[in-house]
Amino acid sequence: MAASPFSLLRDPGYARAWAIGLFGNTMRWLEMLAVGIFVFETTGSALLVAAMTVARQLPLALFGTFVGPLAERMDRGRLLAAGYAAAAAVSATVCALAAADALRIWHLAVCAFLGGTCWTLDFPARRTLLGEFAGPERLGPGVSLDAATNNATRMAGPLSGGAIYGLAGLDGAFAVTAALHALCAAIALTFAARRAAARPAVEPYFAMLRRGVAIVRRSRELVGIYAVTVILNVFGFPYAAMVPVLGRARYEVGPAAIGALSAAEGAGAFLGAMAVAFLARPAAFRRLFLYGAMAFMFGVFCLSLAPWYGLGVAILFASGLGMAGFGAMQSTLVLTLAPAEARSRLMGLLSVCIGCAPLGLLNLGLLADRFGAPTALSIVSAAGLALLAATAALVPELRR
């Protein structure tokens, strides 16, 4: 019988990389919800709410290709420590401005961009380390356990964010994130340098990038994985920016209930990802990835039609079950298909695909300001479903 995925937590290196993801991603979702509520309460603009998430996602598109090769040339633990130390400083700045009643919307946009820049390290540095600590035989369970944890943070972050915002305001929320980002930096500093005894000569940056792109172009399967990732980030995931808008404008509920609505999808994704970690076999990885993405997108479409708060919670929980397959298999498939020496750069390219989300966020925000959030979600998610179906037809390897 295969060892339990939880046995990986007995490996000190894996456990530390996993813990950084647990704390860091929880704080990311906490900040996003708190900022969304604050901006909508202050301005009443769905577009500005979406713009805050755009500012956080944009660095992935701008810097993802740079960070991947950088993570191959430098010590990943030190990179993570520097990134989380910077994130702690950014959160502390927002806390201080909010406490002094000097916070402006543009401050939040700048801080969101800086926080997103720190997050660019997650795929090429932290998740690549996870794969190395897990090893090739336990790569699927190792990445699936981390994906389940990430889904749990999408539940814990909004729940705690709504509660803390309701009790202590925006400054209280960012005080918490500053403290836990500092903890992540401290954990990252404990990593031993993982440089190989003999490393090849350092390639110029653009040569490394060209080699990474060439690897992807030679694999129709990798092209399909990146295409599905782009589609979900442009047409699916931007729904999260509309949750505070739906909560306030359609369901007329408070911060804690908005947090629960946002957490529902994470709860479903967490349970689904745990099932994937324990039960999924390599032969099913590609189908889990593709059909999970389709199920999630269909859930977003159904959410756009849900007139009641309780129904919205139930739909998001169910769509999270589909999200589990996509989320758990995304990094697993890239790490499995990538040559060992090119994993960081291909994970960096994956970050760029995720960084396409600002295109969808701006589009969704503009549509929401013009037609309302529910209609905007219907239009965008229907387009996403059509594109996923086209990708499945063009890349049959993902259906096998």
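Colleague: How many cavities of 30 Å³ or more does a search of the whole structure find?

Modeller: Please keep in mind that this is a predicted model. A search of the whole structure turns up 2 cavities of 30 Å³ or more.

Colleague: What volume does the largest cavity have?

Modeller: The largest cavity has a volume of about 480 Å³, and its lining is made up of 31 residues, of which R28, W29, R154, F237 and M323 lie nearest its centre.

Colleague: Which helix supplies the largest share of that lining?

Modeller: The largest share comes from helix 6, with 5 residues. Several helices supply at least two residues each, among them helix 1 (12-43), helix 2 (46-73), helix 10 (255-279) and helix 12 (309-337).

Colleague: And by class, what is in the lining of the largest cavity?

Modeller: The lining of the largest cavity divides into 17 nonpolar, 9 polar and 5 charged residues.

Colleague: OK, what about the volume of the second largest cavity?

Modeller: The second largest cavity has a volume of about 410 Å³, and of the 35 residues that line it, R28, W29, E31, M32 and R56 are the closest to its centre. Two or more lining residues come from each of helix 1, helix 2, helix 3 (76-99), helix 4 (105-119) and helix 6.

Colleague: Which helix gives the most there?

Modeller: For the second largest cavity that is helix 1, which gives 9 residues to the lining. By class, the lining of this second largest cavity has 22 nonpolar, 9 polar and 4 charged residues.

Colleague: Changing topic to packing: at what angle do helix 5 and helix 13 pack?

Modeller: Helix 5 and helix 13 (residues 343-354) pack at an angle of about 130 degrees, and their axes are 8 Å apart. That angle is why helix 5 counts as oblique to helix 13.

Colleague: Is the crossing left-handed or right-handed?

Modeller: Helix 5 passes helix 13 in a right-handed crossing.

Colleague: Which residues meet there?

Modeller: On the helix 5 side they are F123, P124, R127 and T128, while helix 13 brings R343, S344, M347, G348, L350, S351 and I354. The residues of this contact between helix 5 and helix 13 divide into 5 nonpolar, 4 polar and 2 charged.

Technical notes
Residues are numbered from 1 along each chain as its sequence is written. This is a predicted model: local features need pLDDT of at least 70, side-chain atom pairs count only at pLDDT 80 or more; totals for chains, interfaces and linings use all residues. Side-chain values use heavy atoms; hydrogens and water are left out. On a 1 Å grid over the protein atoms alone, a cavity is a set of points where a 1.4 Å probe fits but cannot get out, and a pocket is an open set with protein on both sides within 12 Å along at least five of seven lines; lining residues have an atom within 4 Å of a point. Grid points are joined across faces, edges and corners, and a volume is the space filled by probe spheres set on the points. Helices (H or I, at least four residues) and strands (E, at least two) are DSSP runs, numbered from the N terminus. Ala, Val, Leu, Ile, Met, Phe, Trp, Tyr, Cys and Pro count as nonpolar, Asp, Glu, Lys and Arg as charged, and the others, Gly among them, as polar. Axes are lines fitted to C-alpha atoms, for helices over the stretch in contact, and angles run from 0 to 180 degrees between N-to-C directions. Angles under 35 degrees count as roughly parallel, over 145 as roughly antiparallel, 65 to 115 as roughly perpendicular and the rest as oblique. A crossing is left-handed if the near helix is turned anticlockwise from the far one by less than a right angle, and right-handed if clockwise. Contact means heavy atoms within 4.5 Å.
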